[in-house]
Amino acid sequence: MPSVLILGAGSDMAMAIAREYASKHYDIQLAGRSANALIPLQQDLQIRYNIKASVHDFDAGAFETHAAFFASLPTVPDITICVFGYLGDHDKAQHDWSEAARIIHTNYTGAVSILNVVAEAYAKRGSGVIAGISSVAGERGRMSNYIYGSAKAGFTAYLSGLRNRLFHAGVHVISVQPGFVNTRMTQHLTLPPLLTAQPEAVAKAVYTGISKKKNVIYVKWHWKYIMLIIKNIPEGIFKKLKL
Amino acid sequence: MQKRLANWGNYPAIASEETTFTQEDQLRTFVSNHQDLIARGNGRCYGDASLGKHSISMLRYDKILQFDTEKGILETQSGVTLDQILDIIVPKGWFLPITPGTKFITVGGAVASDVHGKNHHVDGAFSNHIIDMDVITGDGNSITCAPGQNPDLFWATCGGMGLTGVVTRVKFDLKKIETAYIKQTQIKAKNLEDVIRLFEEYKHYTYSMAWIDCLKTGDAFGRSILIVGEHAKPEELSAKQKQAPLTLPAKRKLTVPFNLPSFILNTLTVKIFNWLYYNKNLKREINNVVPYEPFFYPLDAILHWNRGYGKAGFVQYQFVLPLEHKDGLVKILQRISDKGWGSFLAVLKVFGNQDSLISFPMEGYTLALDFPVRKGLFEFLDELDEIVLEYGGRLYLSKDARMKQDVFWKSYPNAEKFAAIVKQYNHNNTFTSLQSERLALTK
């Protein structure tokens with residue numbers, strides 16, 4: 001059976017992606033900071049979908065462990081989906097380096113570190129799919145979340161470069177820009193319902209995007225145009241807005 | 001996130017701060033640092049039991065933890081809904097031991113309401129089938145309870161409307177089935193006397209309930225259709241059904257897309273509906289084999305059917321009266337019929353004996369019917385409450401949105417004992433709901 005590795009499997013979005021792939025008869029490798037905490041999901045996937053699921057300790061910030069982590073997986077997964085992310089507290093991050101560093105290391109450095117390892121393995125094998133969950137926040141820096149946004153911008157650029165390189169090696173890379181998603185990470189925010197996706201919708205979009213070999217996907221179509229407008233506001237005007 | 005929440009009756013609706021979680025430790029931390037919380041599942045209780053200042057949405061805590069397909073034991077996190085469970089267990093030859101009239105409720109909700117089904121007189125309520133469960137109490141600790149382990153917590157949690165804490169994990173037993181079909185019999189009853197006699201005659205059937213026309217007067221007062229059933233055996237299926245006895249044919253879902261204007265439901269339309277419903281059965285008795293879904297969940301086929309009552313919403317009035325007080329039942333039905341405010345479907349059922357602390361069922365007759373919210377309704381229901389009290393009955397807290405507190409305290413014989421246990425586990429009113437405040441069970 002084909003297999004999927006989910007990096008950062010503890011989030012609502014990751015759980016929905018795991019169920020989507022399990023329902024399509026993929027074996028699932030769940031990786032997160034605490035493998036023990038992922039056992040209920042592992043059992044759930046096995047009972048509901050009659051597939052094999054495994055759990056693995058993985059810490060995005062522990063770069064030096066990433067190669068060994070990937071080598072220890074039961075099989076080299078056909079698809080790797082990088083879901084982990086950390087929104088953090090932007091106000092705190094402006095003056096507290098530890099918070100800023102955590103945002104950057106989770107969303108950017110950690111993602112680059114593990115995907116470098118995956119990319120090498122896939123390039124050597126000449127097959128595989130890498131999906132990265134980035135963010136529309138990375139498309140233009142805004143005063144309210146530019147640290148998170150810049151880390152995601154870095155990640156988006158990394159994915160596009162990786163896609164360019166691995167295309168020539170037969171490996172597909174897809175960038176996912178979910179927009180607002182109704183998850184635990186965003187539960188303290190009041191989100192506009194029309195622009196907010198459920199985790200299950202993100203999961204379906206990821207599955208379809210990967211099956212159709214899309215390069216960049218937005219989960220709710222509105223976002224593509226919203227971001228087009230936001231990106232085209234002249235900087236002289238943009239800096240005066242309070243976004 | 002601040003949300004407008006209402007349960008199935010769309011009455012009352014409130015603004016509530018909603019929290020979700022996926023790991024138990026997140027919830028424990030949250031509970032130990034907050035007050036005025038109430039767990040909320042799929043919002044299918046009708047009234048205000050799971051509405052409060054802060055609601056804890058359980059829907060993402062929905063993992064199936066263990067399924068023993070040999071012994072028929074299921075262990076789940078409490079946010080999983082019964083429809084998901086059925087999809088998993090039915091193909092393996094198992095069924096829910098107890099199911100209410102909708103499958104869109106969570107396991108935690110089934111515990112908190114101690115739900116009953118058409119088989120109450122044979123199999124009891126949901127609490128009867130729980131092996132053990134975990135409850136996060138007011139101090140944020142998780143306590144395992146069972147009839148033989150922390151029994152006070154166990155019995156105050158079953159039917160306790162979430163006031164002892166948050167149910168997080170439940171292990172319960174399942175019922176063995178050979179097919180996904182029900183062999184049902186529908187019998188028309190001319191009047192109330194007739195249907196009560198039929199309930200007695202058919203009491204050996206596992207499943208039974210009656211649809212009753214509350215608007216009929218005279219000789220046909222209380223005319224009904226009694227519906228009884230058993231899980232079908234493979235040899236009772238048609239050739240086509242036999243090919244995959246544990247799989248249901250795919251079906252389409254209908255929905256009510258928006259709130260209908262409330263004038264659509266009036267005495268005339270309800271009378272027409274009831275006439276059609278009663279007369280669709282041409283013969284006095286119909287026997288057939290049907291998939292389990294239309295038998296147990298006829299209304300689930302129409303998503304959002306609650307919108308049919310309009311924006312003002314409705315309350316479902318469900319009471320139980322002791323068996324010896326049939327006259328009370330007649331009196332209440334008479335009042336409803338005189339008023340002419342009744343709904344499409346009123347459901348009558350005979351409960352078996354149940355010995356529990358605070359659960360709704362007791363041996364007797366239970367009647368449930370919907371009333372669209374309108375001027376004068378609550379006064380009218382207060383009058384009905386008086387009759388229920390007079391005959392030693394009580395109301396179902398899962399349906400309740402308006403009962404006065406003295407009615408609750410007078411009608412539930414163990415109310416004091418229940419409140420004392422709640423106090424013990426629900427430190428500093430960590431858990432409160434609109435209902436618990438209204439009934440003075442907290443604060």
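Reasoning from the geometry of chains A and B

Author: In this predicted model, helix 1 (residues 12-23) of chain A and helix 2 (residues 39-49) of chain A have axes that come within 10 Å and cross at roughly 25°.

Reader: Why is helix 1 of chain A called roughly parallel to helix 2 of chain A?

Author: The crossing angle of the two axes is roughly 25°. Angles under 35 degrees count as roughly parallel, so helix 1 of chain A is roughly parallel to helix 2 of chain A. The crossing of this pair is right-handed.

Reader: Which residues of helix 1 of chain A meet helix 2 of chain A, and which residues do they meet there?

Author: Helix 1 of chain A supplies Met15(A), Ala18(A), Arg19(A), Ala22(A) and Ser23(A), and these meet Leu41(A), Leu45(A) and Tyr49(A) in helix 2 of chain A. By class, this contact has 6 nonpolar, 1 polar and 1 charged residues.

Reader: What makes helix 10 of chain B and helix 11 of chain B roughly antiparallel to each other?

Author: Helix 10 (residues 326-339) of chain B and helix 11 (residues 377-390) of chain B pack at an angle of about 165°, and their axes are 10 Å apart. Angles over 145 degrees count as roughly antiparallel, and the two helices are therefore placed in that class. Helix 10 of chain B passes helix 11 of chain B in a right-handed crossing.

Reader: How many residues of each class does the contact of helix 10 of chain B with helix 11 of chain B have?

Author: From helix 10 of chain B come Gly328(B), Lys331(B), Ile332(B), Arg335(B) and Lys339(B), which meet Phe380(B), Leu384(B) and Ile387(B) in helix 11 of chain B. This contact has 4 nonpolar, 1 polar and 3 charged residues. Gly counts as polar, so Gly328(B), one of the residues in the contact, belongs to the polar class.

Reader: Turning to whole chains, why is chain A said to be as compact as a globular protein of its length?

Author: Chain A comprises 9 helices and 9 strands. Its radius of gyration is 18 Å and the globule rule gives 18 Å for 243 residues, so chain A is as compact as a globular protein of that length. The C-alpha atoms of chain A fill a box of roughly 55 × 40 × 35 Å along the principal axes. Of its 243 residues, 46% count as buried, the criterion being 20 or more other C-beta atoms within 10 Å of a residue's own.

Reader: How do you know that the radius of gyration of chain B agrees with that of a compact globule?

Author: A compact globule of 443 residues would have a radius of gyration near 22 Å, and chain B has 21 Å, so the two agree. Chain B contains 14 helices and 21 strands, and its C-alpha trace spans about 60 × 55 × 45 Å along the principal axes. Of the 443 residues of chain B, 48% count as buried. Among its contacts between residues at least 6 apart in sequence, 74% join residues at least 24 apart.

Reader: Where the chains meet, which strands of chain B each supply at least two residues of the side that touches chain A?

Author: In the interface, 15 residues of chain B are in contact with 14 residues of chain A. Strand 2 (13-20) and strand 5 (64-68) of chain B each supply at least two residues of the side of chain B that touches chain A. The largest share of that side, 4 residues, comes from strand 5 of chain B. By class, the residues of this side of chain B divide into 6 nonpolar, 7 polar and 2 charged.

Methods:
Residues numbered from 1 in each chain as written. Chains lettered and ligands numbered in written order. Predicted model: local features only at pLDDT ≥ 70, side-chain atom pairs only at ≥ 80, totals over all residues. Contact = placed C-beta atoms within 7 Å. Rg over C-alpha atoms; globule rule 2.2 N^0.38 Å. Buried ≥ 20, exposed ≤ 12 C-beta atoms within 10 Å, placed from the backbone. Axes fitted to C-alpha atoms, helices over the stretch in contact; angles between N-to-C directions. Parallel < 35°, antiparallel > 145°, perpendicular 65-115°, else oblique. Left-handed = near helix turned anticlockwise from the far one by under 90°.
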